[in-house]
Amino acid sequence: MILFFRQKLGGGSQNESVLVQNLANGLALEFECSDPTRRLRLLLSELLLVMAQIRDPHQDFYHKSSELFDNPCYLEEVSDVLCIALAELPALLPPAEVAEALLHVTNGPTLIARMVANQPDCFREVVTGLVMSGDKQDEDTPGGLLRLQAVRTLCQMNPSQALNVRALCVEQCRMPGLAVYLTLDAGKAGSGVAGSSGTGSSVYGGEGGDAVSFITGLLLSHNHQQRTWFAHFVKSGQRRKYEQQASALAALRTDLSERLRNLLLFNSNDTLPDSQVIHATALLRLYCALKSLANLKFSEDKEIGLLLQLVTCHPPPSAAGVRFVSTGLCMLIACPSLISSQENERKASEWIKWLVKEEAYFAGASGVSSSFGAMLLLMAIHFHVQQLSAIIELVSAALGMKVLTRANNLSRIKYIFTHDVFTEQVVTAHAVKVPVTSGLNANIPGFLPVHCVYHQLKSRMFTKHKVPIKDWIYNQICASVTPLHPVMPQLIDVYVNSIILPASKGGLSDTFNEPISEEEIMSVFSQSIFTEKASSLVNQSSKPPTVHASAPFRNLSRRKSLLREKSPFMSGVPAGHIMPSPSVRTHHRTSNTSCNGVNVTSVMTSQLLLLYYLLLYEDVRLNNTLQLLANSRRIHSYSPHLFAQLPIRYLLSHAQKEQRLYAGLFSPLVKLLVSHYPQLCLVEDWLYQSPSANSSLGILPPPVPLDPQSVTKAMEDAADKPGRLLIVLDRLMRMPPHQVWPLAAPITASIKCLLQPGVPRKVLDTYRQVWMRLNSLFPRRLWAMSVEGLQPEQPQSKLRKALTEDDIILDPLYVLRCDPRVNRCAPLLQLVIYMLQVYLLSSRTFLSQQMQNTPLVNTPHTPVGGNTTTPPQALEEEREKLRGALVLTQESAAVQILLEACLMNSDEKDGAGALTLQEIRSVACSFIHQAFLKDTTLAKLVHFQGYPGELIGPVVRGVPSMHIAIGLNWIPELLQLPDLDKQMFAVELTSHLALQNAMPSTLSISRLAINTLATLLSVLGEEERLSIMEASLPSLVRIGRAFPSLIDDLLHLLVMYGRVGAAHSALSTAPSPHSIAFLDKPDYEEDVACETIPWLRPRKVPQEDSLYARIISTFKELVIASTMTHNLY
């Protein structure tokens, strides 16, 4: 309605307006001669006409020529009339729409300012409307410039709201020129206030305000739309002339240039004052952002000289000074136009040389960990190896923005680095002398010496110039703390490659780095990892009275074994290619003799890094053994005994719990452990959680001392005094694993005492929990001690050598050659099966590593007495087959032994013995299930070997993975074997599988079994025929119960059985009793009291008649099981 009223009042033209009719003179003359009411009508007529016109779309900016608005002499009166109209007609004339209409007439910004001055409460509404209707780029159109002028004038009238209006421009991504002008105006206003108040010059060294931080924030904003918006403003602003005053970009560049001049006014003798360093750094970073993100082209005469003069200043040795130098270095890369002339290139070269000279002083005086020296080295390294893209990435990371610089524009700065300042040999020699970063962690910003060493190792500069780097890397590992710096795992990777792999393919004359010695590794692992601060343990002169977890490290046995034998080319001292290491270490070495002179900042971090180094070294060495043999190279091989001394499981569990502190290390560490020590990465170990101790037992008397003798005595009396042992075990459950470890020897040596009858189940379960807690610390030693403790007693005449871990790895079946009583003790049997599983994995891994250690050389093999040659590839395949056969034999033997342990004894048919047997079978079947899933070939081999028939039912019910016998379809192969016992085994197995897994595939196999029995019945002799008939009857009942659809085939087979049985009975020479009388008692015997009389002795029913009776009985059972039940399907 209001819009219609406006149109009627304003009309499409002046003559159509209802407010003004019959104008005798011009509008201006009429306005001058009219009364106030008439003047109001004239003004409304003009204003409403403009408001109606701007609603229509126009290709160009619409401008209304009007005598009333064009003549400056009427502005005062027009302003007064306009204010009265706004006050009296608020619904008809909203201030925001009136302001928008006034932009389209002459003197519009002035009228808008007068309107808002008379009605200050409409300031926010007017400004918001003008900004929201503005263009994305306000300086591209005349209307945009007028709008900018109007809003800027309003903000100058109300300076307190200027920054709010600027925030609105940024939020809406409109009118960037206005935002710049408001920023500059606010800076000038702030500078004037500061000057008038006597506070001195601005902290920015020039005019005040936040222009630098505001423009930098826009260019580096996380909002992509804002970044693009302002960058487009800078690019479009460069198309105008630099002297054009109307350009906001020109005003901004003038302001920034003035700031540069003001900063250089404080520069005396090329020295930048400490108070100006931070602001100079911010200004340089802003110019880098303008150049890289907005493609600003620097002015040769007004900006390049000032910028280079500021960059090459000498800042004070402080953290801010280091940051200034780093920013200046990055600016030389990001803005190569700064050194486009020879004079500027000379200045830059002299400044970089000064940096190299003063770098050590800056690093010491500033007190910061990351000096600019590391950045200088890193840039020099990248320039030498032609990795210009890496330099650009480095600069981008340092500046916090994406730098876009063409590689061909870096030729001048590259020449300065590679020829004037850093030659390649100087770079490598200088990198080794740089001290390691103490307390290196991921929270240290900037570029550190570790970055330089990493890139030099990667480019093989150290080996090229024969500079030893091993000591520096070892010291940096010892100085690392958490959170782990992400470069450390990468540094170890390239270091290991530089030890083993040549720099180029076929590089026989290459030099290689030296590996870390075993003594250096053990000096770190000899320190305790169970204290809160490693340094406190280093400084202690006395040992703790209770537990010393590092004790296992200090007694390193030197005995030889098969596992420690090295291949011929791996033994001995490293060849002459390895560079010698300096004998004197100058960094991070202390005189503390208790820890072998090693100062380790974080024991856990250093040990994890060294563990990763050892595993990676062995992995690379084994994977490249063939190449090493071909090149006739000998490299150092770490002994297995060294790995046996490491708390690998504990370190891994700690890294798993604190993955956020070891980012970048945990995943590759687990990958290497799974390859080389799969026994330490079992799924059940990852999922196992130790239960808490019994809170009521810890306060029971009597107080039991925890020493080896007391623990041994308590275990020996476990059957008579179980309460004493339970208290001891409960106290052990409350202690950390590293405090319990000194008692591991008596705990495992007396384990057979728990096999005595009468030991409560609570004691056995608690012992197993204590054993699992010890298993989290040094599992490999615990396994060997436990296997030795479970060995059966030997007569004194037969002295047996104590088992070692090497012996058990070579023959994992030692684990099952334990005391037979273990087979009826479920908690201990679980431990035995766990150790069997880990040793089978250890043996498999050991055999694989032995093959990798001793590969076949690429020379044809000629058998003795033959002329044919066998290629190495065929021999390698044969070796792999033999290894697989050996592993499969070990695992199948273990499964067979466990199956024999599940056989029922005479006293286990009911009662407690039956429950114990059921638990034992459950434990054994759980292991067999996992073994079959891991290797389906093992399941096939075990069943082709066979096992007692009474175990088929328990195995099928207790091993869910037995369905693979159906899925892999190897039962038909078993039925085709020429061995009759194996065929009957297959029939019985099929019947149990049919009950357990009634599937279509099982139905097909069951039908095949029936057909096989029918075929055998027609081809076998008398004795074999009777035996298969008698053995297969229970299986036929089970098949009929599982598949009623096979009842016809089964009945047909039973009829054949009956005919054969009747025929044999008829041909029998023995007198046959009346069959009908003994059908229900096929083994019937007469009164035993008559057996003293020879002619009255009892007579057994002949086998043929007994079988005939069983066939009839089977027929009854089959009918009941298959057709007379509710489970028909």
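**View 1. Helices α41 and α43 in contact.** R780, W783, A784, S786 and V787 in α41 meet Y834, M835, V838 and Y839 in α43. Contact means heavy atoms within 4.5 Å. By class, this contact of α41 with α43 has 7 nonpolar, 1 polar and 1 charged residues. Nonpolar covers Ala, Val, Leu, Ile, Met, Phe, Trp, Tyr, Cys and Pro; charged covers Asp, Glu, Lys and Arg; the others, Gly among them, are polar. Helices are DSSP runs (H or I, at least four residues; strands are E, at least two), numbered from the N terminus. The model is predicted: local features need pLDDT of at least 70, side-chain atom pairs count only at pLDDT 80 or more, and totals for chains, interfaces and linings use all residues. Residues are numbered from 1 along each chain as its sequence is written, and side-chain values use heavy atoms, leaving out hydrogens and water.

**View 2. The angle between α41 and α43.** α41 spans residues 779-789 and α43 spans residues 826-853. They pack at an angle of about 120°, with their axes 11 Å apart. Axes are lines fitted to C-alpha atoms, for helices over the stretch in contact, and angles run from 0 to 180 degrees between N-to-C directions. α41 and α43 are therefore oblique to each other. Angles under 35 degrees count as roughly parallel, over 145 as roughly antiparallel, 65 to 115 as roughly perpendicular and the rest as oblique.

View 3. α6 (residues 95-102) is mostly covered, with 6 of its 8 residues buried. Those buried residues are P95, V98, A99, E100, A101 and L102. Buried means under 20% relative accessible area, exposed over 50%, and partly exposed in between (1.4 Å probe, protein chains only). The axes of α6 and α7 (residues 108-118) come within 8 Å and cross at roughly 155°. That makes α6 roughly antiparallel to α7. P95, V98, A99 and L102 of α6 touch G108, L111, I112 and M115 of α7. The residues of this contact divide into 7 nonpolar, 1 polar and no charged.

**View 4. A cis peptide bond at P483.** The bond joins T482 and P483, with omega about -5°. P483 is found in the loop between α25 (470-478) and α26 (487-500).

View 5. K466 is not a glycine, yet its phi is positive, about 55°. K466 lies in the loop between α24 (461-464) and α25. At 58% relative accessibility, K466 counts as exposed. N969 is not a glycine either, and its phi is about 60°. N969 sits in the loop between α48 (964-967) and α49 (971-975). With a relative accessible area of 43%, N969 is partly exposed.
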